[in-house]
Amino acid sequence: MIVRSFKDIENTDRHVRSRSGTWESKRIVLAREGVGFSLHETTVYAGTETSMWYANHIEAVLCVEGESELTNDETGETHLITPGTMYLLDGHEKHTLRPRTDSRFICVFNPPVTGREDHDADGVYPLLTEEAV
């Protein structure tokens, strides 16, 4: 059994800040746990824009705080994301998130991330692997 809090991992290697400065993520469950998914609390900052394409992962995202606009870059369709709204990137959709206010999300990735990932020039997380500990 693993028990930890987001507060426990603040300012550790599990607390990742993007090179772009548009988001930070507290990665409470990672590939090293060997459970087949990773679990994160991610905060995106108001007035920023982040284009993403999880070509190597499926991500489920649940908004718990804030208001953001989500655009499916492939169709142009936009959605208002508010607390209690979930979106699932089950087709590896290219998308852009524009937070109107600082917004906080709980995110699940499959396959799990290692904690070292950041978006590349195409918005993709590389597919990194790590042995479970």
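Biologist: Is Asp13 buried or exposed?
Modeller: Asp13 is exposed, with a relative accessible area of 54%. Exposed means over 50% relative accessible area, buried means under 20%, and partly exposed is in between (1.4 Å probe, protein chains only). Keep in mind that this is a predicted model: local features need pLDDT of at least 70, side-chain atom pairs count only at pLDDT 80 or more, and totals for chains, interfaces and linings use all residues. Residues are numbered from 1 along each chain as its sequence is written, and side-chain values use heavy atoms, with hydrogens and water left out.

Biologist: Which residue meets Asp13 in a salt bridge?
Modeller: First the idea: side chains of opposite charge can pair when their charged atoms come close. The cut-off for a salt bridge is a side-chain nitrogen of Lys or Arg within 4 Å of a carboxyl oxygen of Asp or Glu. Here, Asp13 pairs with Arg32 at 3.5 Å, N to O. Asp13 sits in the segment before strand 1 and Arg32 in the loop between strand 2 and strand 3, so the pair ties together parts that are 19 residues apart in sequence.

Biologist: How many salt bridges does the structure hold?
Modeller: There are 11. One of them joins the side chains of Arg4 and Glu33 at 3.8 Å, N to O. Arg4 comes in the segment before strand 1 (15–17), while Glu33 is in the loop between strand 2 (23–29) and strand 3 (38–44), so this pair links parts 29 residues apart in sequence. Arg4 is partly exposed at 28% relative accessibility, whereas Glu33 is buried at 14%.

Biologist: Where do Arg98 and Glu69 lie?
Modeller: These two form a salt bridge, with their closest N and O atoms 3.5 Å apart. Arg98 is in strand 9 (residues 94–99) and Glu69 in strand 6 (residues 68–72), so parts 29 residues apart in sequence are tied together. There's a network too: salt bridges that share partners join Glu10, Lys26, Glu41, Glu65 and Arg104.

Biologist: How many helices and strands does the protein have?
Modeller: Zero helices and 10 strands. Helices (H or I, at least four residues) and strands (E, at least two) are DSSP runs, numbered from the N terminus.

Biologist: What joins the side chains of Thr50 and Thr22?
Modeller: A polar contact of 2.8 Å. That term covers a pair of N or O atoms within 3.5 Å; within protein, one must be able to donate a hydrogen and the other to accept it, and residues adjacent in sequence count only if both atoms are side-chain atoms. Thr50 belongs to strand 4 (residues 50–53), and Thr50 is buried at 8% relative accessible area.
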